[in-house]
Amino acid sequence: MRTVVAVLLLVWGAPALAMSLALAKVERAGEGESEQQVCDRALQMMTEELHASLLSVIAATDDYQTRMQAYKEQDRSESLLRDAYLSQLQEEKPTLQGRRWSGSRCTLRARYEADIDALARRVPIPEKSQTNRPQHQDEPPPGIDPKTWELFSSSRDRSALAQTFSTVSVLRMQISEYYLSSGTWPGSLNDMGIAPEQVVGQRIKRAYMLREGMLKLELGGRLEGHELTTWPVEGGVRGLEWQCSTTVNMGPNGFCEQAE
């Protein structure tokens with residue numbers, strides 16, 4: 001279960017547009033996940049939703065429209081402009097006001113206040129003298145610091161990986177139940193009554209079992225070419241806990257180990 005509540009208050013001033021936002025987030029734990037892992041993921045998702053809310057308000061400002069016109073004149077897409085804003089918004093974080101752990105869910109409450117006009121001016125207007133050329137997917141938009149763009153990209157990768165964990169958590173639970181009831185590890189997804197194609201989707205290209213309960217996922221979508229591996233270890237209340245590693249760049253405080 002994922003629940004988000006956002007109360008948005010826009011206060012028009014002269015000349016600034018202020019934004020006050022109340023946020024609440026509920027994130028459910030998967031099999032073997034710790035309180036820290038679940039609350040970290042909840043904060044990550046809350047922050048992304050904050051950035052999306054900010055961008056929707058910024059897009060209504062004159063500053064945004066001016067930049068969009070400059071992008072159009074250089075044959076640059078609006079999606080690139082939106083990504084430029086999102087990269088600049090990485091510094092904007094909700095201020096936590098409460099955190100509660102029920103043993104299976106993490107509930108966060110937070111607030112956020114900002115000057116929308118100031119945020120809208122963070123993205124530079126590209127110079128008209130710049131040569132029009134196709135934008136490479138990994139290149140930062142005009143005027144965006146490459147390091148900022150790299151951090152933004154790794155944050156989106158981390159988010160895309162977090163979104164696969166609804167599937168991962170279900171599979172972990174079924175693997176655990178199979179082991180606890182039979183005393184052996186499943187040799188394949190079919191052993192648990194799961195057809196491999198049931199797992200495949202936009203974010204997962206392939207899923208299969210390895211030795212001793214280890215599950216491997218080949219990722220798709222934004223994370224095409226990356227992998228996630230998760231495996232059980234003895235311990236915990238139910239006798240099993242889960243760990244994971246991934247080739248996705250998780251940045252600092254990742255909820256999975258970094259794999260080569």
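**View 1. The structure holds one disulfide (a pair of cysteine sulfur atoms within 2.5 Å).** This is a predicted model, in which local features need pLDDT of at least 70, side-chain atom pairs count only at pLDDT 80 or more, and totals for chains, interfaces and linings use all residues. Residues are numbered from 1 along each chain as its sequence is written, and side-chain values use heavy atoms, with hydrogens and water left out. The disulfide joins Cys39 and Cys106, with 2.0 Å between their sulfur atoms. The torsion about their S-S bond is about 110 degrees, so the disulfide is right-handed. Cys39 belongs to helix H1 (residues 35–58) and Cys106 to strand S4 (residues 105–115), so the pair ties together parts 67 residues apart in sequence. Helices (H or I, at least four residues) and strands (E, at least two) are DSSP runs, numbered from the N terminus.

Are the two cysteines buried or exposed? Cys39 has 2% relative accessibility and so counts as buried. Cys106 has 0%, so Cys106 counts as buried too. Buried means under 20% relative accessible area, exposed over 50%, and partly exposed in between (1.4 Å probe, protein chains only).

**View 2. Helix H2 covers residues 62–73.** H2 has twelve residues. From its first C-alpha to its last it reaches 17 Å, close to the 16 Å expected at 1.5 Å a residue. That expected span is 1.5 Å times one less than the number of residues.

Which residues of H2 are buried? They are Tyr64, Arg67, Met68, Ala70 and Tyr71. These residues cover an arc of only 160 degrees around the axis, which puts them on the same side of H2. The arc is taken over the directions from the helix axis to the C-beta atoms. The buried residues of H2 pack against H1, helix H3 (78–88) and helix H4 (116–120). Just after H2, Asp75 takes a positive phi of about 55 degrees.

**View 3. Five strands form an open sheet.** The strand order is S5-S6-S7-S8-S9, and the pairing is mixed. Strand S5 (204–209) and strand S9 (257–258) stand at the edges, each with a single partner strand, so one side of each has no neighbour in the sheet. Two strands pair if DSSP finds at least two bridges between them.

**View 4. Two antiparallel pairs lie within the sheet.** S5 and strand S6 (residues 215–219) are antiparallel, over five bridges. Here Tyr208 stands opposite Lys216 in S6. The hairpin of S5 and S6 has five residues between the strands, and Glu212 takes a positive phi near 50 degrees there. Strand S7 (residues 227–234) and strand S8 (residues 240–246) also run antiparallel, joined by seven bridges. Thr229 stands opposite Ser245 in S8.

View 5. The pLDDT is the predictor's confidence in each residue, from 0 to 100. Its mean over the protein is 84, and 85% of the residues reach 70 or more. Contact means heavy atoms within 4.5 Å. Where pLDDT is low, the predicted coordinates should not be read in detail.
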